[in-house]
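Thank you for making time this morning. I would like to walk you through one model, so please have the sequence and the coordinates open while I talk.

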Amino acid sequence: MAERKVLSKYYPPDFDPSAIASSSKRSRKDGKAESKLSASRLMTPFSMKCTHCGEFIPKGRKFNARKQTLDERYLSIPIYRFHIRCTRCSGEITFRTDPKNNDYQCERGAKRNFEVWRDETDEKYNDETEEQTLDRLEREHGAKEEQLERDKMAELEDKMLDSKREMQIADALDEIRTRNARIERNETRAGDAAIATVQEKIDEDALRAEREAAEDAEALRQFRAKQHAAKQAKLDEEIAEFERRRNAPPDGSFLKAVEERRAALKAKRLQRQQRIFRKP
């Protein structure tokens, strides 16, 4: 394997280095010589449709492109051309920078999709001279200044309307506070009057209840006095009857009843004793 690590190479006697230097890179399709392009990584600046296979390429898709610097310039700004391949059919697509319109131009291999906000009839997309460009920029600047002045006036008018609206709101709030205070005072007075009426009614009810209680107590006292008088009269009658009987001479019927009672008690006693002694 030592012969594979030598540093010297064999050059034949008829070797011509100038022939190698003058040789140019050949393209694969037409065989024409093309200049060397630098590789760059980019994203598509607009959505497009491939004219070879109809594939849609969205805006922002990443590609490994080849960048070519053109001889054209716009206000000392270099213009670049980019070469990419379609992701479906590998067809070549080229587009270039457009510093004049701050945009890109699709050259071949694809067609740019329609965009509503781009108006091709606008004068800024047409060819214009430097004076026309300056006039257009001056008009745009004047329109911007006028718009700013208009915006300032509109802002001032809005502030005046806001301050007027705030004053109206403050007046309305003061009126509402005054009305609420008046209503509260009226409600307080009405509440005091209602409380006084209720208190007076409560006092009347209390006096009525006290009067009724006094009347009930008096009626109860009179009823008890009557009951006590009736009991005392009955007791006096019984005492008088007892005194009358005690002082009266003995009656034969009374003595007979007493004797009969004594005989009944004696017979009952004897019967009890007999029952006791008959027990076994």
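Let me begin with a question: are F46 and F95 buried or exposed? Both F46 and F95 are buried, where buried means under 20% relative accessible area, exposed means over 50%, and partly exposed is in between, with a 1.4 Å probe and protein chains only.

Before I go further, a word on what we are looking at. This is a predicted model, in which local features need pLDDT of at least 70 and side-chain atom pairs count only at pLDDT 80 or more, while totals for chains, interfaces and linings use all residues. Residues are numbered from 1 along each chain as its sequence is written, and side-chain values use heavy atoms, with hydrogens and water left out.

First, the overall layout. The chain has 3 helices and 8 strands, and along the sequence these follow the pattern α-β-β-β-β-β-β-β-β-α-α; helices here are DSSP runs of H or I with at least four residues, strands are runs of E with at least two, and both are numbered from the N terminus. Of the 280 residues in the chain, 13% count as buried. The accessible surface comes to about 24,400 Å², and 54% of that belongs to carbon and sulfur atoms, by the Shrake-Rupley method with a 1.4 Å probe, where for residues only the protein chains shown count as cover. Taking contacts between residues at least 6 apart in sequence, 37% join residues at least 24 apart, with contact meaning heavy atoms within 4.5 Å.

Now to the sheets. An open sheet of 5 strands runs in the order β1-β4-β5-β6-β7 with antiparallel pairing, and two strands are said to pair if DSSP finds at least two bridges between them. At its edges stand β1 and β7 (103–108), each with a single partner strand, so one side of each is left without a neighbour in the sheet. The twist averages 40° from one strand to the next, taken between axes that are lines fitted to C-alpha atoms (for helices over the stretch in contact), with angles from 0 to 180 degrees between N-to-C directions.

Going through the pairings, β1 and β4 (residues 62–74) are joined by 6 bridges in the antiparallel sense, and R41 stands opposite N64 in β4. Between β5 and β6 there are 5 bridges, again antiparallel, and these two strands form a hairpin with 6 residues between them, in whose turn S90 has a positive phi of about 60°. The pairing of β6 with β7 is antiparallel over 5 bridges, with D98 bridged to D103 in β7, and in this hairpin, which has 4 residues between the strands, N102 takes a positive phi near 55°.

How many residues of β6 are buried? The answer is 7 of the 7, so β6 is largely enclosed by the rest of the structure.

An open sheet of 3 strands has the order β3-β2-β8, also with antiparallel pairing, and its edge strands are β3 (56–57) and β8 (110–112), each pairing on one side only. Here β2 (residues 48–50) and β3 pair over 2 bridges, with I57 in β3 as the bridge partner of M48.

F46, F82, F95 and Y104 form one aromatic cluster, where rings of Phe, Tyr and Trp (its six-membered ring) pair if their centres lie within 6.5 Å, and planes under 30 degrees apart count as stacked, over 60 as edge-to-face and the rest as tilted. The rings of F46 and F95 have centres 5.9 Å apart and planes at 70°, so the pair is edge-to-face. This pair links distant parts of the chain, with F46 in the loop between β1 (38–43) and β2, and F95 in β6 (residues 92–98), 49 residues apart. F95 and Y104 are likewise edge-to-face, because their ring centres are 6.1 Å apart and their planes stand at 75°. F95 has a relative accessible area of 1% and is buried, whereas Y104, at 32%, counts as partly exposed. Within the sheet, F82 stands opposite F95 in β6.

Finally, the charged end of R112 sits over the ring of F46, 4.3 Å from its centre, the rule being that NZ of Lys or CZ of Arg is within 6 Å of the ring centre and within 35 degrees of the ring normal. K67 lies over the face of Y80, at 5.1 Å from the ring centre.
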